[in-house]
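Me: I have a structure to go through with you. Let me put it up, and then I'll ask about it piece by piece.
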Amino acid sequence: MSHDTPFVMPPIMQRAQYASRGPVPQDVIECVEFTLPAPAAGEALVQVLAAPINPSDVLTLTGQYGALPPLPAVGGNEGIGRVLAVGDGVTLPVGTRVVLPLACGTWSSHLLASASALIPLPDEGDAVQLSMLMVNPPTAALLLSEFVTLEPGEWVIQNTANSAVGLYLVQLAKRRGLRTVNVVRRADAIAGVQAAGGDVVLTDGPDLATRVAEATNGAKIRLGIDATGGSATERIARSLMVGGTVVNYGAMSGEACKIAAASFIFRDITLRGFWLAFWFRNATPEQQRALYAELVPLVAHGVLYAPVQRTYPLSAIKDAVIAAATPGRTGKIVLVPE
Ligand SMILES: NC(=O)c1ccc[n+]([C@@H]2O[C@H](COP(=O)([O-])OP(=O)(O)OC[C@H]3O[C@@H](n4cnc5c(N)ncnc54)[C@H](OP(=O)(O)O)[C@@H]3O)[C@@H](O)[C@H]2O)c1
């Protein structure tokens, strides 16, 4: 550890950890106290400022996610923090706000990380909003750009539109000159999507394609985005033009995507999948830097935002996980260590 300035390790550190996975996520996670050594050469001690609970975090606790860390593990995939102390050879200034490395167990009051894996953040911007920067905003951006090359003025349709990804997608689509048809599953979610800039917001239902055609004056929609799965996927497919593409990136219904043979055969619909983890694996460092160079200022300046229902301290991790797994939320659940 660098000894330029005297530093005393924080007396109490907490983290939310689990030693097994199970069907009831709040049953496996618990808040415990722990200690860390001083940062070694090349490391930084980071105080975590905020870390969200995303659906993928809940699925990681239940064992249903696509990548599961070895046990025991600390929960949390993303978040931001502030550098408290650094080890020898680290030039990152103490006090810098940083993005935490993905999948490092962010539901913790403090953590040690390789300083080179920390991404410095500007000082302006709400910590809670910035803590949700790494996963959902790039997902929304890439869903709009990786599958169909849309021209300004074109429509895109998505379900699960009141989710954080859905709202980021609405905001990014508007900036790109695109128009959005947004599908939610309950009427009281409509106003929030309209407030984010959704051009058309509809509740899901068997006649969705007819209502979409009415609302868009029969627009030929080439891209449909689905995070619900089950029969909702087919309703998105039916709302597209012949030859359209549905991209599935989530399965909030817990069901497999269903698309009728008639949609595949007689309407030439294509179904694709998207996982951000694969994009990270394949994208060059320059592509990754370029994407975050676009997104960080937008989030820092409040141009891109996701509503937050409530923040919780780590000591209330069980309540926080229950809230995150409860449908009908008004926004995200975010952990803010005390
Ligand atoms: N593939 C990727 O790389 C990637 C990256 C990021 C996120 N995702 C996925 O994107 C989806 C949204 O994530 P998020 O963080 O934006 O979500 P979020 O803000 O936590 O919102 C959850 C959404 O899921 C809906 N929902 C909950 N239970 C449902 C059910 N049984 N049937 C249908 N809808 C249901 C909610 O609707 P109500 O408000 O009506 O309950 C809400 O719209 C998740 O599936 C997540 O795993 C995927």
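Reply: Before we start, helices (H or I, at least four residues) and strands (E, at least two) are DSSP runs, numbered from the N terminus. This is a predicted model, in which local features need pLDDT of at least 70, side-chain atom pairs count only at pLDDT 80 or more, and totals for chains, interfaces and linings use all residues. Residues are numbered from 1 along each chain as its sequence is written.

Me: Fine. Where is P101?
Reply: P101 sits in the loop between β6 (97–99) and β7 (110–114).

Me: Is P101 buried or exposed?
Reply: P101 is buried, because 20 other C-beta atoms lie within 10 Å. The cut-offs are 20 or more such atoms for buried, 12 or fewer for exposed, and partly exposed in between, with C-beta atoms placed from the backbone.

Me: And what is P101 in contact with, leaving aside its neighbours within four places in sequence?
Reply: A113 and A117. Contact means that the two C-beta atoms, placed from the backbone, lie within 7 Å.

Me: Switching topic: how is the protein divided?
Reply: Into domain 1 (13–132 + 306–335) and domain 2 (136–277); the bounds come from an automatic or database domain assignment. Eight residues from domain 1 and ten residues from domain 2 make the contact.

Me: How far apart are the C-alpha centres?
Reply: 30 Å for domain 1 and domain 2.

Me: Now the ligand. How many residues surround it?
Reply: 27, the closest being S163, G250, M252, L276 and P327. A residue counts if its C-beta atom, placed from the backbone, lies within 6 Å of the molecule. The elements giving two or more residues to this shell are α2 (55–62), α4 (136–145) and α5 (164–175).

Me: Where does the ligand lie relative to the domains?
Reply: Between them, because domain 1 and domain 2 both give residues to the shell.

Me: You mentioned α4. How many of its residues are buried?
Reply: Eight of the ten in α4, so the helix is mostly covered. Among the buried ones are N136, P137, A140 and L144.

Me: What covers the buried residues of α4?
Reply: The cover includes β9 (155–158), α5, β12 (223–226), β13 (245–248), α10 (276–282) and α11 (285–300).
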